[in-house]
Amino acid sequence: MTDDKLAPDTPIEEPAPLVDEALAATDRKADNQEELRALRSEIARLQDSLHEAASGAGRLAMEEFRGEVRAQPISAAVAVGFLAFLYGVTR
């Protein structure tokens, strides 16, 4: 038997499934990393917006409360006294 009969001159063209799978996994990982960065950026932006909104709402509530106290000081004093009484009873 000669070498020609054992190994023909045609190149071996077998697919490399493990390499293809590894490349596909790397591509998916890169895509996932980009998506994760975008999501983290969006979360940070939403947290900033929420912080600003909560801060603004707190200031608005305090201003409204002060306005009510100035408009009706006796009612405010009665309400504070009642709340203090309830707090004292429950302790």
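**Salt bridge**

I looked up the salt bridges, and the structure holds 1, where the term stands for a side-chain nitrogen of Lys or Arg within 4 Å of a carboxyl oxygen of Asp or Glu. I noted that this is a predicted model, in which local features need pLDDT of at least 70 and side-chain atom pairs count only at pLDDT 80 or more, while totals for chains, interfaces and linings use all residues. I also noted that residues are numbered from 1 along each chain as its sequence is written, and that side-chain values use heavy atoms, with hydrogens and water left out.

Which side chains meet in the salt bridge? I found Arg45 and Glu42, at 2.6 Å from N to O. Both residues lie in helix H2, 3 residues apart, about one turn of the helix. An α-helix has 3.6 residues a turn, so residues three or four places apart point the same way.

I then checked exposure, where buried means under 20% relative accessible area, exposed over 50%, and partly exposed in between (1.4 Å probe, protein chains only). Arg45 counts as partly exposed because its relative accessibility is 44%, and Glu42 is partly exposed too, with a relative accessible area of 33%.

**Elements and cover**

I counted 3 helices and 0 strands in the protein, taken as DSSP runs numbered from the N terminus (helices H or I, at least four residues; strands E, at least two). Of the 91 residues, 1% count as buried.

For helix H3, residues 73-90, I wrote down 18 residues and a reach of 26 Å from the first C-alpha to the last, close to the 26 Å expected at 1.5 Å a residue. H3 is hardly covered, since the count of buried residues among its 18 residues is 1.

**Patches**

I looked up patches, which are made of residues with over 30% relative accessible area and no salt bridge, joining like charges within 9 Å and nonpolar side chains (Val, Leu, Ile, Met, Phe, Trp, Tyr) within 5 Å. Asp27, Asp31, Glu34 and Glu35 form a negative surface patch, and Glu34 has its place in helix H2, residues 17-71.

Technical notes. Expected span 1.5 Å × (residues − 1). Areas by Shrake-Rupley, 256 points an atom, 1.4 Å probe, with all protein chains shown as cover. Lys, Arg positive; Asp, Glu negative; His and termini not counted. Charge placed at Lys NZ, Arg CZ, Asp CG, Glu CD.
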